[in-house]
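Hi,

Here is the structure I said I would pass on. Have a look first, and my notes on what turned up follow below.

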Amino acid sequence: MIVDATARFSTLCIHAGQEPDPSTGAIITPLFQTSTYVQDGLGRHKGHEYARTSNPTRAALEANVAALEGGSHGFGFASGMAAINAVMTLLAPGDHVVVTDNTYGGTYRLFERVLRTTGLDFTYVDTSIVEATVAAFTDRTRMLFLETPTNPVLRLADIAALSAAAHTRDIVVVVDNTFASPAVQQPLLVGADIVLHSTTKYLNGHSDSVGGMVVVRHAPHAEWLTFYQNAAGAILSAFDSWLILRGTKTLAVRMAAHNRNGQIVAEYLSTHAKVERVHYPGLPAHPQHVLAQQQMRGCTGMVSFTVGTLDRARTVLEQVRLFALAESLGGVESLISHPATMTHASVPVERRDALGVTDSLVRLSVGIEDVDDLRADLEQALARL
Ligand SMILES: *Cc1c(COP(=O)(O)O)cnc(C)c1O
């Protein structure tokens with residue numbers, strides 16, 4: 001390794017896990033698009049035998065993201081959901097998990113429709129309240145599964161306080177860090193045990209790959225996931241690994257631009273007469289603004305706001321030109337979406353209302369275009385209300 005863990009974040013983004021290719025000197029880790037590796041003789045090989053088990057491109061990405069999160073090992077999976085499913089195999093039937101109540105819809109579906117049938121039990125709580133979270137722990141609780149900030153109303157969980165409380169009961173703390181990325185917060189460094197990502201979002205950052213990553217810091221977790229990744233086989237492909245490695249190189253500069261544009265757009269919306277309410281941890285009016293300043297370095301490009309009615313939301317969603325109407329987030333281009341009918345359609349309406357996912361809520365993934373163009377686009381769309 002040409003850098004060690006003492007290097008600063010943006011240096012790690014570019015160099016961690018990567019060395020010039022020993023056979024050619026290529027500065028970029030090659031795309032090892034191969035299924036197998038020729039062995040020198042029986043039992044003599046160069047460290048790789050079969051590409052499900054190991055691939056040098058994937059290994060470079062795994063080492064890179066592990067360094068960015070401050071963990072010991074990374075594991076690449078075929079999607080964010082496959083990464084979450086992998087982490088849940090650390091549990092056994094009868095185990096109980098406390099989960100952030102407005103967790104990603106796909107996570108809720110996996111837990112309720114798939115993993116409940118295998119004997120796991122889940123309780124959903126508002127993890128923005130430490131006492132409410134601790135009150136949900138039972139003698140069977142083995143894991144605390146946090147998402148912070150949450151989608152789409154951007155509530156925060158205090159990772160350090162919750163990790164300390166969970167560890168007094170030997171509860172493993174898992175953080176889905178997809179919405180923040182390690183440029184904004186590094187949960188393992190403040191007490192969490194496992195971090196996972198949908199690399200589809202900020203880590204890859206260019207809307208051209210689907211993938212997932214798990215980073216751990218305890219040897220037993222690393223041992224199990226090494227075994228499980230190969231045994232179950234939902235690995236990240238070499239090509240996706242190569243694309244995401246290109247994405248993480250610019251993570252520090254992209255997140256700085258997302259943070260800046262997100263803050264400016266949130267401030268603009270919060271003073272707009274046609275906008276009812278803005279959710280953004282970087283605004284002083286956010287209920288956890290103080291925690292955001294302690295826990296996060298910038299508040300990302302995720303902003304959501306309400307405009308009163310579904311019809312008015314539809315007008316904004318259909319009149320913007322630069323913001324593309326699409327699911328997903330975290331790419332360099334700005335997206336706009338309607339959580340109630342798009343990402344949260346499978347959540348029952350009472351539950352949606354309780355979580356603040358109302359019909360007039362609009363979600364932005366603010367990209368890194370010139371922020372004056374983004375503001376002008378929102379201005380012309382809001383002017384039609
Ligand atoms: C997108 C997303 C996932 C799922 O990831 P996929 O790559 O789509 O499987 C999980 N958690 C969060 C917070 C997400 O945004």
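Helix α9 passes α13 in a right-handed crossing. Bear in mind that this is a predicted model. The helices in question are α9, residues 251–270, and α13, residues 371–382, and their axes come within 10 Å and cross at roughly 30°. Angles under 35 degrees count as roughly parallel, so α9 is roughly parallel to α13.

Which residues make the contact between α9 and α13? On the α9 side you'll find N261, I264, V265, Y268 and L269. They meet V371, L374, R375, L378, E379 and L382 in α13. Sorted by class, that contact has eight nonpolar residues, one polar and two charged.

The other bit I looked at is strand β6, residues 194–198. It is mostly covered, with five of its five residues buried. I194, L196 and S198 point one way from the strand, while V195 and H197 point the other way, and all are buried.

And what does β6 pair with? Strand β5 (residues 172–176) runs parallel to β6, and three bridges join them. Strand β7 (residues 212–216) is antiparallel to β6, with five bridges joining the two.

Cheers

Definitions and conventions. Residues are numbered from 1 along each chain as its sequence is written. This is a predicted model: local features need pLDDT of at least 70, side-chain atom pairs count only at pLDDT 80 or more; totals for chains, interfaces and linings use all residues. Side-chain values use heavy atoms; hydrogens and water are left out. Buried means under 20% relative accessible area, exposed over 50%, partly exposed in between (1.4 Å probe, protein chains only). Helices (H or I, at least four residues) and strands (E, at least two) are DSSP runs, numbered from the N terminus. Two strands pair if DSSP finds at least two bridges between them. Axes are lines fitted to C-alpha atoms, for helices over the stretch in contact, and angles run from 0 to 180 degrees between N-to-C directions. Angles under 35 degrees count as roughly parallel, over 145 as roughly antiparallel, 65 to 115 as roughly perpendicular and the rest as oblique. A crossing is left-handed if the near helix is turned anticlockwise from the far one by less than a right angle, and right-handed if clockwise. Contact means heavy atoms within 4.5 Å. Ala, Val, Leu, Ile, Met, Phe, Trp, Tyr, Cys and Pro count as nonpolar, Asp, Glu, Lys and Arg as charged, and the others, Gly among them, as polar.
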